[in-house]
Amino acid sequence: MQFLKLIWRGALRHKLRTGLTVTGLVVAILSFGLLQTIVDAWYAGANAAAPNRLVTRNAVSLVFPMPINYREKIRAVPGVQAVAAANWFGGTYRDTTMRNFFPQFAVDAVSYFAMYPEYRIDPDAFHAFLRDRKGVVVGRKLADTHGFRVGDPIPLKGTIFPGDWEFTVRAIYDPGESTTDTSAMFFHFDYLNETLKRRSPRRADRVGVFVVAIDDVSRAAEVSHAIDELFRNSTAETLTETERAFQIGFAKQTEAIVVAIRLVSFVVIAIILAVMANTMAMTARERTAEYATLKAIGFQPAYVAGLILGESLAIACIGAALGIALTFPIGEWFSAQMGTLFPVFEVSQGTVALQVVCALIVGLAAAALPMRRAAKVRIVDGLRAIG
Amino acid sequence: MTPPLVSVRNVWKSYRRGGQIVAVLNDISLDVQRGDFVGLMGPSGSGKTTLLNLIAGIDKPDRGEVLVDGVDITQLGETELADWRAGAVGFIFQFYNLMPVLTAFENVELPLVLTSLSKRERREHVEAALALVDLADRMEHYPSELSGGQQQRVAIARAIVADPTLIVADEPTGDLDRHSAEEVLELMERLNSELGKTILMVTHDRRAAVRAHAIRYLEKGELARGEDLSEQSVKEARRS
């Protein structure tokens, strides 16, 4: 008890110093948690990928489409359960700011939504969507961000597919899992295709990607290869990969940013480690005579070292607890400010665990040298020290 | 003839200062009998605090023996020495060296934390020690709330609470005004005369030294001469 008393009261002895150190820790741990969560959000698409879904695209580039007749050929490949066409639409809602950006896809509605059971839609609403050529399904996060309700119009200005496009919300999908992206809008591929046939016939009957459901995940590589072999030496050769690999491919395009964010998050920890080390060094130096007195009375050097370590860990734990607690509400606020830029922005258990580990490392490392010095200093030298 | 409580035999001690070896004690031999109150005097740098530290077990000689109550403490390792000090030595420092974050009670209790006494037993010992130094009503006060003299009395209580074999005091009145110094010295006299505590005290102050039964003088690391104090010489010193 005396040991804990000395630690706790020692930590509160210089309230301003301890308060500022704790504040620094809170900021560092909070920043670390938010930066790690941004990195997680970057790979959210990959994390939400299903192992039984493949994506087939033009082997040259995602920018180039494929003929729609590939759909039935792919459907016939052994191991393929279903195929759905999907096109990135890329329209503008209201303006071009990030706040009003959200992903829009033209899809083969029936087959596509059958492949994504994690999109939870009310059956009646889904049927209403199927009956309306211009109907759309929007995600819950998207609906909340812009206040969309069933029946609301969504006018879009096309960029890849120029012109004015009018849609009506017929259903809202909710997430089946915590990693499910609910920031997207889906409409009928047939509506896009028929409109293109009128406005720009040469662009009709073209598909951006095919999403392929397979019945045996262990045969993913084999089925992917079989699909690509079908179209070897054609005008539009294909590249088929798992949905996860496809999503990671996007993330890899901006990997340098992710690496930089990760690096910054650890630099923040390194900075607070230096601050804490300075705090503990000053504290231990001021108390040299006290530690020497304790050793003279008969306390072992390990006891004195333990006081320093205990105080350092106590400060680190307080800073970590506050920093972790703040990560959640500030993460939510940050996500709201970003709109649908990060469809899934969730502080994971892994991130919290990392925050705890970093705080412990800071507490341990900051105390290491002062502990050693206090334990090793000769009693007679310590008693002569002026704090 | 009973053996001395403290027996220092042919002790040498030197320190390294900026690359030079400085001899502090040269072939010192000294005996202190059980129940004695001995003052160590001498000019600055004479080695009196060094000798005190060697006897208290917080430093080791380069050569020679230091026996306290039959234990050759020069042969003990650091861990054993710490354990030995916990039971054998009570310290009184010039600047009290109390833990500022602990109350008077908790400061006095510190040596007992190293024993196997129960919480209740520790409380009894601490209360008795604080009553002895007449600070029973200040036990919940922190050092910053006590005067210099009161802090030194708390330090004395801490020094005696574990009933050590030997009490060592390094300039115990060095930081006190005259009145507080007198109080502290009277208390030390009582510890010696009424409780039979063996006390070894380093001091520059003649008024403090005459409280002792005997004074040993150190000059340039050697014991120059001893002085057993008669009642008359004590009275004369106190009048001055």
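Tutor: Start with a crossing: H2(A) passes H13(A) in a right-handed crossing. Residues are numbered from 1 along each chain as its sequence is written, chains are lettered from A and ligands numbered from 1 in the order in which they are written. This is a predicted model, where local features need pLDDT of at least 70 and side-chain atom pairs count only at pLDDT 80 or more, while totals for chains, interfaces and linings use all residues.

Student: Why is H2(A) called oblique to H13(A)?
Tutor: H2(A), residues 15-42, and H13(A), residues 301-338, pack at about 45°, with axes 7 Å apart. The axes are lines fitted to C-alpha atoms, for helices over the stretch in contact, and angles run from 0 to 180 degrees between N-to-C directions. Under 35 degrees is roughly parallel, over 145 roughly antiparallel, 65 to 115 roughly perpendicular, and the rest oblique. So H2(A) is oblique to H13(A).

Student: What classes of residue make up the contact of H2(A) with H13(A)?
Tutor: It has 15 nonpolar, eight polar and no charged residues. Nonpolar covers Ala, Val, Leu, Ile, Met, Phe, Trp, Tyr, Cys and Pro; charged covers Asp, Glu, Lys and Arg; the others, Gly among them, are polar.

Student: What makes H1(A) and H13(A) oblique to each other?
Tutor: Their angle is about 55°, with axes 9 Å apart. That angle makes the pair oblique. H1(A) also passes H13(A) in a right-handed crossing.

Student: Which residues of H1(A) meet H13(A)?
Tutor: Among them are Phe3(A), Leu6(A) and Trp8(A) on H1(A), with Leu307(A), Glu311(A) and Ile315(A) on the H13(A) side. Two residues are in contact if their C-beta atoms, placed from the backbone, lie within 7 Å. This contact divides into eight nonpolar, three polar and one charged.

Student: How do you know that Val184(B) is buried?
Tutor: Count its neighbours. A residue is buried with 20 or more other C-beta atoms within 10 Å of its own, exposed with 12 or fewer, and partly exposed in between, with C-beta atoms placed from the backbone. Val184(B) has 24, so it is buried. It sits in H6 of chain B, residues 178-193. Beyond four places in sequence, Val184(B) touches Gly149(B) and Leu176(B), among others.

Student: Why does Met115(A) count as buried?
Tutor: It has 21 C-beta neighbours inside 10 Å, so it qualifies. Met115(A) lies in H5 of chain A, residues 109-115. Its contacts beyond four places in sequence include Arg53(A) and Val211(A).

Student: What makes H3(B) mostly covered?
Tutor: Nine of its 10 residues are buried. Phe105(B), Glu106(B) and Leu110(B) are among them. The buried residues pack against H1 and H12 of chain A together with H2, H4 and H5 of chain B.

Student: How many residues does each chain bring to the contact?
Tutor: Chain B brings 17 and chain A 16. On the chain B side, H2(B) gives the most, with five residues.

Student: What makes a set of residues a nonpolar core?
Tutor: They must be buried Ala, Val, Leu, Ile, Met, Phe, Trp, Tyr or Cys residues joined through C-beta atoms within 7 Å. The largest such core has 114 residues, and Ile29(A) and Leu200(B) are among those with the most contacts inside it. H13(A) gives the largest share, 10 residues. A second, separate core of 48 residues includes Tyr116(A) and Phe187(A).

Methods: Helices (H or I, at least four residues) and strands (E, at least two) are DSSP runs, numbered from the N terminus. A crossing is left-handed if the near helix is turned anticlockwise from the far one by less than a right angle, and right-handed if clockwise.
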